[in-house]
Amino acid sequence: MSDLLELVVSATASGSIYALVALAYLLILRPTSIINFAVGEWAATGAFVGVAAQTTLAWPALDGPYWLAVIAVLVCLGALGWLVEALTVRPLIARGANITSPILALLGVLVIFRESLTMLFGADPLPSPPPFGFKRVAFGLFAGVPQQFLIITVTFVLFAAVWLFFERTVWGRAFEAVALNRRAAALMGINLRRVTTFAFVSGAMVAGLAGLLMSPLTSAHYMMGLPLAIQGFTALVIGGVGRVEGALLGGLVLAFVEQLGARYLPIPSGLTLGFPFVLLILFLFLRPSGLMPPREAR
Amino acid sequence: MLDVSYMSGGYGRADVLENVSLKVAQGEAVALLGPNGAGKSTLMAALTATLPRRAGTLRLDGRDLSRARSHDLVAAGMALVPEGRLIFTPFTVRDNLRLGAIALSRRGRLAERHDYVFGLFPRLAERVGQRAGTLSGGEQQMLAIGRALMSKPRLLLLDEPFLGLAPMIVSEIVAALRKLQRDGLTILLVEQKLDIALTCTTRAYVMLKGAVALESSTHDLAQRPDLHDLYFKLSAPRTP
Ligand SMILES: Nc1ncnc2c1ncn2[C@@H]1O[C@H](COP(=O)(O)OP(=O)(O)OP(=O)(O)O)[C@@H](O)[C@H]1O
Ligand SMILES: [Mg+2]
């Protein structure tokens with residue numbers, strides 16, 4: 001029983017990370033129709049920026065506190081998201097390019113990010129200091145390391161905030177309006193270019209935060225981006241690309257299937273890496289609109 | 001008020017619009033007539049900068065807005081009720097109207113705009129919480145017009161707002177357009193049927209094959225024996 005409860009904590013924490021990456025996809029995908037696979041690398045970048053801010057490798061005197069790492073990640077990733085949008089997506093849209101062009105350009109960005117990370121930080125994993133240590137804590141029946149509870153708390157608070165933004169503010173509605181019909185949104189006086197910029201900046205920030213949050217559990221590693229990109233995308237497909245709540249649900253479903261499968265199914269542990277793909281294919285075939293279809297489809 | 005000259009443009013390589021020039025004076029209600037495929041909606045897209053490619057000049061109150069983007073044009077006082085309405089069907093009536101007011105600079109005017117639109121179309125007031133997609137066709141058109149009015153435009157463009165509506169709804173909307181005009185709004189109305197245009201405009205342009213073929217007072221145009229004949233004659237290749 002305590003085994004199962006521990007699994008619940010650990011799966012909820014992993015699921016939260018997947019959900020954050022799915023949210024990063026979603027923030028960009030909804031208003032622009034662009035699937036940005038570089039979000040995985042952005043998460044890795046967030047992890048490295050966090051490590052760098054807390055353990056300035058050469059000068060320990062400059063080591064920053066955790067809150068500084070959070071700010072550094074948000075500022076750096078926000079700036080990178082802005083830069084990537086301005087340099088790759090905006091020129092293509094301005095020339096009236098097909099929607100696949102930015103997606104391909106962003107795959108190029110993915111490679112650039114990965115190679116830059118390897119060059120800057122090397123190929124070895126860098127340990128990332130957990131803000132609340134490694135000592136196990138328990139909340140009622142649920143036990144885990146503090147970082148897992150931090151991940152879960154931050155994720156749920158962030159999802160609540162993003163949900164409120166989309167459902168309750170006029171700018172959130174404007175984002176949705178752009179997703180529904182770009183032309184009609186432009187006719188309302190919504191500045192499409194500004195919405196696109198905001199989508200990339202916020203998407204990069206959320207992805208970076210995901211990387212920062214998970215890095216104490218996994219270390220910062222240049223190869224961490226691709227699995228995250230796949231898991232986040234799978235979470236997005238499971239939840240349905242339409243809604244914020246879907247990303248959270250999708251992340252949790254994926255993580256629980258992964259961990260329950262690894263624990264109770266008689267298959268070699270290496271094969272659990274294939275779970276996202278199996279779920280991805282299942283959902284694409286059987287329920288392409290996901291568990292929570294977009295509003296317009298209901 | 002609106003001064004368009006030599007506007008050209010289209011979707012792909014080939015131009016749909018060829019050197020379209022037209023003027024609408026302050027307070028005037030002008031009709032833009034023409035058969036299917038004449039390029040009326042394309043012109044509306046060009047005027048609101050949602051056409052991928054266009055050339056020519058567009059002035060609003062003397063201000064050169066030829067290179068302005070859609071949201072600048074809304075801020076400058078131009079609003080379009082597009083062909084097919086393009087209301088946000090999953091959103092409520094309230095949210096649709098709120099989005100129409102997104103370019104409104106001062107927050108305080110929002111309530112005044114709501115009152116104005118609900119005064120014009122009381123049916124919308126009864127349905128603020130309803131999803132726009134569940135409104136009747138006539139109500140959806142009222143919402144599309146109301147939403148455009150939320151930005152407090154000085155020039156209102158309407159692209160075939162009466163299409164597919166019952167005569168009673170048509171007269172209700174015509175009455176609303178008349179009231180808007182009395183309140184000082186300048187109107188450019190795209191329409192195919194002359195009899196409707198006659199009820200709410202004083203002057204008309206006739207568009208054929210992407211160009212303005214004729215300009216006349218709506219009244220004079222109505223005196224012509226048959227407009228469809230005219231459409232045909234104007235579009236037929238000239239014989240030497
Ligand atoms: N999105 C588009 N892509 C390519 N061509 C288009 C597009 N929209 C319209 N056209 C073409 O442009 C021409 C003018 O079309 P437009 O819709 O402006 O006509 P219209 O006068 O509004 O007709 P209607 O009265 O039927 O609405 C047509 O030949 C049409 O095929
Ligand atoms: Mg048309």
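Biologist: To start me off, in which helix of chain A is L209(A) found?

Modeller: First, this is a predicted model, where local features need pLDDT of at least 70, side-chain atom pairs count only at pLDDT 80 or more, and totals for chains, interfaces and linings use all residues; side-chain values use heavy atoms, with hydrogens and water left out. Residues are numbered from 1 along each chain as its sequence is written, while chains are lettered from A and ligands numbered from 1 in the order in which they are written. Helices (H or I, at least four residues) and strands (E, at least two) are DSSP runs, numbered from the N terminus. In chain A, L209(A) is found in helix α8.

Biologist: Thanks! Is L209(A) buried or exposed?

Modeller: Buried means under 20% relative accessible area, exposed over 50%, and partly exposed in between (1.4 Å probe, protein chains only). With a relative accessible area of 11%, L209(A) is buried.

Biologist: Which residues does L209(A) touch, leaving out those up to four places away in sequence?

Modeller: Contact means heavy atoms within 4.5 Å. The C-alpha atoms of L209(A) and I71(A) are separated by 9.8 Å, although the two residues are 138 apart along the chain. With residues up to four places away in sequence not counted, L209(A) touches V70(A), V73(A), L74(A), V154(A) and L158(A).

Biologist: How many Å does helix α3 of chain A reach from its first C-alpha to its last?

Modeller: This helix covers residues 66-94, which makes 29 residues.

Biologist: Which helices do the buried residues of α3(A) pack against?

Modeller: The buried residues of α3(A) include V73(A), L77(A), V84(A) and A86(A). Their partners in chain A are α2 (39-54), α4 (100-121) and α8 (192-218).

Biologist: Moving to the two chains together, which three residues supply 35% of the area that chain A buries against chain B?

Modeller: In this pairing, 21 residues of chain A are in contact with 21 residues of chain B. Buried area is the accessible area (1.4 Å probe) that two parts lose on being put together, summed over both, and for chains A and B it is about 2,000 Å², with 70% of it on carbon and sulfur atoms. More of chain A's share than from any other three residues comes from R183(A), L187(A) and M188(A).

Biologist: Which residue of chain A meets D95(B) in a salt bridge?

Modeller: A salt bridge is a side-chain nitrogen of Lys or Arg within 4 Å of a carboxyl oxygen of Asp or Glu. The count between chain A and chain B is 1. At 2.9 Å, N to O, the side chain of D95(B) meets that of R173(A).

Biologist: How many residues apart in sequence are the parts tied together by E28(B) and R203(B)?

Modeller: The side chains of E28(B) and R203(B) meet in a salt bridge at 2.5 Å, N to O. E28(B) lies in the loop between β2 (17-24) and β3 (29-33) of chain B, and R203(B) in strand β9 (residues 203-208), so the parts they tie together are separated in sequence by 175 residues.

Biologist: Why is α6(B) largely enclosed by the rest of the structure, and how many of its 13 residues are buried?

Modeller: One of its buried residues is E139(B), with a relative accessible area of 7%. The helix is largely enclosed because the buried residues of α6(B) number 12 of the 13.

Biologist: Which residues are linked with E139(B) in a network of salt bridges?

Modeller: The side chains of E139(B) and R127(B) meet at 3.4 Å, N to O. E139(B) is in helix α6 (residues 137-149) and R127(B) in the loop between α5 (122-126) and α6 of chain B, 12 residues apart. Besides E139(B), the network holds R123(B), E126(B), R127(B) and E172(B).

Biologist: Last one: which residues coordinate the magnesium ion (ligand 2)?

Modeller: Donors are N, O and S atoms within 2.8 Å of the metal (3.2 Å for Na, K and Ca), and sites may look incomplete because water is not among the atoms. At 1.9 to 2.4 Å, the magnesium ion is coordinated by S41(B) (OG) and E83(B) (OE).

Definitions and conventions
Expected span 1.5 Å × (residues − 1).
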